[in-house]
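Good morning, and thank you for coming.

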Amino acid sequence: MNPLRHDFISSCHALKPHSSPQRNLRYLDVGCGGGIFAESAARLPDTATVTAIDPSADVIEVARQHARRDPLLQEPGRLTYLNKGTEDLEVPGQLEEQYDVVTLFEVIEHINTPAPFLKTCLPFVKPGGWIILSTIARTWTSWLATKVVAEDVVGLVPKGTHAWSKYINADELEKFFGAQRGWGINGGMKTMGCFYVPGLGWRMVAGGEQWGNYFFGVRKDPESR
């Protein structure tokens, strides 16, 4: 999944008219879990720093231990893990403290109140920066795939991992960010579906956001503060 995540982020940065330079990027990875994405982002040549946060002390410790295996990730400021949620972070007071990319991969479908949660993430994005997330649409196909097949039939994940009622459709995210002043204007929103193809892995599929898993990106207006 990580290659698709990076490809989607790059495609968002390339959007006109406000294409963003992809160098010395600062990442904030929210709900980082064991650090799968955070580590991969920290290894990119155009990354300046990655801050990865999670409210679970256990998974943060797992992530820190795994990162110790790579000397590159031990460079000062390269990758920092914090056992915190966004509500526990100090809101940036200066532009240089904000982030070019704030990621929330497989996070919001586990949040009881996604709108207030997303609002806590907004101040951390610098003007021209992006919130990038992945989640699952609330459709009958996603119910069949994630609840019936993944949990009940195949047992890929424990029962109760997902709550179908918490899934969020792409148009609901578009409506939410469209109501936030200084977000998503001039083409600054992008959605892309993704499917798992047996034998091939994850693939991006245009229009797939109507069926199940998808990526969503929204840009903060470069003129916003």
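I shall begin with the salt bridges and then turn to the cysteines.

This is a predicted model, in which local features need pLDDT of at least 70 and side-chain atom pairs count only at pLDDT 80 or more, while totals for chains, interfaces and linings use all residues. Residues are numbered from 1 along each chain as its sequence is written, and side-chain values use heavy atoms, with hydrogens and water left out.

How many salt bridges does the structure hold? There are six. By this term I mean a side-chain nitrogen of Lys or Arg within 4 Å of a carboxyl oxygen of Asp or Glu.

Let us take R5 and E106, whose side chains form one of these bridges, with N to O at 2.5 Å. This pair joins distant parts of the chain, 101 residues apart: R5 belongs to helix 1 (residues 2–13), and E106 lies in the loop between strand 4 (99–105) and helix 4 (114–121). Helices (H or I, at least four residues) and strands (E, at least two) are DSSP runs, numbered from the N terminus. Is R5 buried or exposed? With a relative accessibility of 10%, R5 counts as buried, whereas E106, at 30%, is partly exposed. Here buried means under 20% relative accessible area, exposed means over 50%, and partly exposed lies in between, using a 1.4 Å probe and protein chains only.

A second example is K126 with D100, where the closest N and O atoms are 3.5 Å apart. Here too distant parts of the chain are linked: K126 is in strand 5 (residues 125–136) and D100 in strand 4, 26 residues apart. K126 is buried, at 18%, and D100 is also buried, at 14%.

Next, R43 forms a salt bridge with E39, with 2.9 Å between the closest N and O atoms. R43 is partly exposed at 38%, while E39 is buried at 5%. E39, R43 and D70 are linked in a network of salt bridges.

I now come to the cysteines. A disulfide is a covalent bond between the sulfur atoms of two cysteines; the cut-off used here is a pair of cysteine sulfur atoms within 2.5 Å. How many disulfides does the structure hold? The count is zero. For C121, the closest cysteine sulfur is that of C32, 13 Å away, which is too far for a bond. C194 is in no disulfide either, and its nearest cysteine sulfur, in C12, is 13 Å away. Both cysteines are buried: C121 has a relative accessibility of 1%, and C194 has 3%.
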